[in-house]
Amino acid sequence: MRQPGTIIIRKWAAAMIALAFASGAGAVENLEKENLKFGFIKLTDMAPLAVAYEKGFFEDEGLYVQIEAQANWKVLLDRVISGELDGAHMLAGQPLGATIGFGTKADVITAFSMDLNGNAITVSNAVWNQMKPHVPMQDGKPMHPIKADALKPVIDKYKAEGKPFNMGMVFPVSTHNYELRYWLAAGGIKPGYYAPPQENSGQINADALLSVTPPPQMPATMEAGTISGYCVGEPWNQQAVFKGIGIPVVTDYEIWKNNPEKVFGVSKAWADKNPNTHIAVVKALIRAAMWLDEDNNKNRKEAVEMLSQTQYVGADFDVIANSMTGTFEYEKGDKRPLPDFNVFFRNHATYPYYSDAIWYLTQMRRWGQINEYKPDDWFMEIAKKVYRPDIYKAAAKELIAEGKATASDFPADSETGIKPPQADFIDGIVYEGGKPNEYLTKFAIGLKGKQKVVGGQIVD
């Protein structure tokens, strides 16, 4: 295995790449920048970056890449904006949040969605023992999906005793924050509101207090009693099972089937300056995603071996394999098939759909991160500014021309970027990307219409 951070240049490799350029085979021509540094957080869904590096897909495009783990999501975003990183594995909400100015204001775009699903919500053993009497059982085992209805009596008890119920998520604009809030609210639990720029804790009128914890620190933070549960990506839910300190109660596949999770993000300035390089990067990442899902996930064991290395995720092979190889362990010994827990290419997972961007924007509006009414066309305008299927399509067409993919691997040329109405949510509410404001009216908990948060209260 290669060591990320080391740029491998050998005479024979350089000669082969020169030959590829001369023959027009494979690599994108006229690269503006060949030496690149990409960032990631230690999660299994960074896999396309690791695979593109380890399998030589970046080198096939004439790119020499360093891959570097980052301390947290804020540091990662700041370094992409400053130009210290050329691009990074990002939370799907990060380019959107930056573009609309929630937190850091900057123009960040994505032309590649890194995966579908991959997260779960875990609670401590003590909380699980209190939830369990409220969970439907079958043959002595909990019936899944477990709804937050089973957690509500526990939180009500905490409130009656004057104790806060604290939960962790990884970043204010993370999928994890929105999935955790969605699940809680579907069970009648208020996860709290934001009121920027004055109040950005997201804990206004909250039954459950959500706060930021870096992913690798989640299990230890819960074990210490600072939080009673969390929403995070793998392997940090399976790690709780492995260590015997907590129980994953629901996966995001069960909250929203085939939800988009991470993206590959770059600054707009970088993309404008390096259009050919950007296409080359997306080509390599598409090939990595295809390899990860190839032939019914036949390569996943090799991928787990890669990810278990310290320079990537660095968790035990068995912990990572629990979810990456098509199963998920809820309690020790209760391992169930979940073949789509991690999807990297199937179901057009890599395509940057506008409707995915709009869903994130609806959740920002729902919880007050967008604290003013916005018309439907505003949501689409932001989606088109941030999500760039034009760049993705250019990369896909080159792969097809090179015989490395077929047209059937990708959405049709007529793709609008808006998926058909989606009903696979834990509460059964249907999402239609073209009607964001109508969608928001369907929720009992959350801002809608002209509502906003002022002085800690929702006003119309």
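User: How many of the eight residues of helix α5 (residues 93-100) are buried?

Analyst: In this predicted model, helix α5 is mostly covered. Buried here means under 20% relative accessible area. Gly-93, Gln-94, Pro-95, Leu-96, Gly-97, Ala-98 and Thr-99 are the buried residues of α5. The number of buried residues is seven.

User: Which elements do the buried residues of α5 pack against?

Analyst: The buried residues of α5 include Leu-96 and Ala-98. Their partners are both helices and strands. The buried residues of α5 pack against α4 (73-82), β3, β4, β14 (262-267), α16 (354-366) and α17 (376-386).

User: Which residue follows α5 with a positive phi?

Analyst: Helix α5 covers residues 93-100. The residue that follows α5 has a positive phi, near 85 degrees. That residue is Gly-101.

User: Is His-89 buried or exposed?

Analyst: His-89 is placed in strand β3 (residues 87-91). The cut-off for buried is under 20% relative accessible area. His-89 has 0% relative accessibility, so it counts as buried.

User: Which side chain makes a polar contact with the side chain of His-89?

Analyst: His-89 is in strand β3 and is buried. Its side chain has a polar contact at 2.8 Å. The partner is the side chain of Asp-45.

User: Why is helix α2 (residues 47-54) largely enclosed by the rest of the structure?

Analyst: The buried residues of α2 are Ala-47, Pro-48, Leu-49, Ala-50, Val-51, Ala-52, Tyr-53 and Glu-54. Helix α2 is largely enclosed because the buried residues number eight of the eight.

User: Is Trp-270 buried or exposed?

Analyst: Trp-270 sits in helix α12 (residues 268-273). Buried means under 20% relative accessible area. Trp-270 has a relative accessible area of 10%, so it is buried.

User: Which side chain does a polar contact of 3.0 Å join to that of Trp-270?

Analyst: Leaving aside neighbours within four places in sequence, Trp-270 is in contact with Lys-33, Leu-36, Asp-86, Thr-277 and His-278. A polar contact of 3.0 Å joins the side chain of Trp-270 to that of Asp-86.

User: What separates the C-alpha atoms of Trp-270 and Ser-201?

Analyst: Trp-270 is found in helix α12. Trp-270 and Ser-201 are 69 residues apart along the chain. Their C-alpha atoms are separated by 31 Å.

User: Why is α14 oblique to α15?

Analyst: The axes of helix α14 (residues 300-307) and helix α15 (residues 317-324) come within 9 Å and cross at roughly 140 degrees. That angle makes α14 oblique to α15.

User: Which handedness does the crossing of α14 and α15 have, left-handed or right-handed?

Analyst: The axes of α14 and α15 cross at roughly 140 degrees. The crossing is right-handed.

User: Which residue does a cis peptide bond join to His-144?

Analyst: The bond has an omega of about 5 degrees.

User: What is omega for the cis peptide bond of Glu-234 and Pro-235?

Analyst: Pro-235 lies in the loop between β12 (229-233) and α10 (238-243). A cis peptide bond joins Glu-234 to Pro-235. Its omega is about 15 degrees.

User: Is Asn-117 buried or exposed?

Analyst: Asn-117 is in the loop between β4 (108-113) and β5 (119-124). It is not a glycine, yet its phi is positive, about 65 degrees. At 0% relative accessibility, Asn-117 counts as buried.

User: Is Asn-296 buried or exposed?

Analyst: Asn-296 is placed in helix α13 (residues 275-297). Asn-296 has a positive phi of about 55 degrees, although it is not a glycine. Exposed means over 50% relative accessible area. Asn-296 has 73%, so it is exposed.

Technical notes: Residues numbered from 1 in each chain as written. Predicted model: local features only at pLDDT ≥ 70, side-chain atom pairs only at ≥ 80, totals over all residues. Heavy atoms only, no water. Helix = DSSP H or I, 4+ residues; strand = E, 2+ residues; numbered from the N terminus. Buried < 20%, exposed > 50% of the residue type's maximum accessible area, 1.4 Å probe, protein only. Polar contact = N/O pair within 3.5 Å; in protein donor to acceptor, adjacent residues only side chain to side chain. Axes fitted to C-alpha atoms, helices over the stretch in contact; angles between N-to-C directions. Parallel < 35°, antiparallel > 145°, perpendicular 65-115°, else oblique. Left-handed = near helix turned anticlockwise from the far one by under 90°. Contact = heavy atoms within 4.5 Å.
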